[in-house]
Amino acid sequence: MNTDKLIIGKKEFNSRFILGSGKFSLEMTKTVIENAEIEMATLALRRANNAGSENILNYIPKGITLLPNTSGARNAQEAVRIARLAREIGCGDFVKVEVIHDSKYLLPDNYETAKATEMLAKENFIVMPYMYPDLNAARDMVNAGAAAIMPLGAPIGSNKGLLTKDFIKILIDEISLPIIVDAGIGRPSQACEAMEMGCSAVMANTAVATAKNVALMARAFKLAIEAGRSAYLAGLGRVLDYKAEASSPLTDFLQD
Amino acid sequence: MKFNGKEILLEKDVILSEFLKTMGYDASVIAVEINYEIIPKAEYDKTLIHNSDTMEVVNFVGGG
């Protein structure tokens, strides 16, 4: 039995892979979720202009925790408005706060994000702020009532990997909430590395969605995240600088 | 009225649940905001909408 649970708010998860549901066809969404064996997926909110068209909720298996994001919000007030609307649809209290007003780099506004986090936590949302990995701002998120911290590894959709690695490590060491790398992870090896260094989970979307075989890539990320978590729990072996140590016993009979 | 950012003519006041049905919406997968106030689902049958209203109907789509 797996006793190593990820806990966000009061909810327990066995999977440490959070999947973003963007950029997939509806049919592919279900296939990817099954291959990734995730328990949490993000969604976005949009004007429902095509009444009667297929809804993504019909393609997400029951039991998956939905994490609506506030994408499109340019300030705290807009994020709060989106979160309230998302909750009204009736899929739970989780929300990924995302406040962006820079359309070139899509970098999050940590200050507005902290304000939205505080307002939503007071309304009993389980708030997971997406942020630039800054320790002081992360402490603001904790004080604002965040349930987890989601620092970016690299700009959204870039597949550039853990460009902010050292700063994410500082968050892991100093913040007691789950640290979940969100954005920028492009390869399973990068997801594995994030987990090895002690991240609690990894979120990915574009890396899977832009792969040639998305179902297989979803699987690859699942396995990499599990490998990284096991490595973290096992404790990495030590590193030797400028010397070596034999792994095999030296064949002493050749010496005589 | 202003519906999802577009001007449409509402010739007479209508009950929200009937309006949504006419427009083809499945009420279980949407959220509705009228004049920037969220209308709880339980209120759809009792809420009257007017031509002067601003209304937003939203649903979930794929997103990271």
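**Where chain B meets chain A**

In this predicted model, 14 residue pairs are in polar contact across the interface of chain B and chain A, with both residues of each pair at pLDDT 80 or more. On the side of chain B that touches chain A, the elements giving two or more residues are β4 (30-34), β5 (37-39) and β7 (54-62) of chain B. Of these, β7(B) gives the most, with seven residues. Sorted by class, that side of chain B has 14 nonpolar, eight polar and three charged residues.

The strand β7(B) also pairs with a strand of the other chain. Its partner is β4 of chain A, residues 40-47, and the two run in the antiparallel sense over five bridges. Within this pairing, Val58(B) of β7(B) has Arg47(A) opposite.

Charged side chains meet across the interface as well. The count between chain B and chain A is two salt bridges. In a salt bridge between Glu33(B) and Arg81(A), the side chains are 2.5 Å apart, N to O.

The extent of the contact can be given in residues and in area. Chain B supplies 25 residues and chain A supplies 29 residues. An interface's size is often stated as the accessible area lost when the parts come together. Between chain B and chain A the buried area is about 2,300 Å², and carbon and sulfur atoms give 59% of that area. On the chain B side, Phe60(B), Val61(B) and Gly64(B) lose the most area to chain A, together 32% of what that side buries.

Technical notes: Residues are numbered from 1 along each chain as its sequence is written. Chains are lettered from A and ligands numbered from 1 in the order in which they are written. This is a predicted model: local features need pLDDT of at least 70, side-chain atom pairs count only at pLDDT 80 or more; totals for chains, interfaces and linings use all residues. Side-chain values use heavy atoms; hydrogens and water are left out. Contact means heavy atoms within 4.5 Å. Buried area is the accessible area (1.4 Å probe) that two parts lose on being put together, summed over both. A salt bridge is a side-chain nitrogen of Lys or Arg within 4 Å of a carboxyl oxygen of Asp or Glu. A polar contact is a pair of N or O atoms within 3.5 Å; within protein, one must be able to donate a hydrogen and the other to accept it, and residues adjacent in sequence count only if both atoms are side-chain atoms. Helices (H or I, at least four residues) and strands (E, at least two) are DSSP runs, numbered from the N terminus. Ala, Val, Leu, Ile, Met, Phe, Trp, Tyr, Cys and Pro count as nonpolar, Asp, Glu, Lys and Arg as charged, and the others, Gly among them, as polar. Two strands pair if DSSP finds at least two bridges between them.
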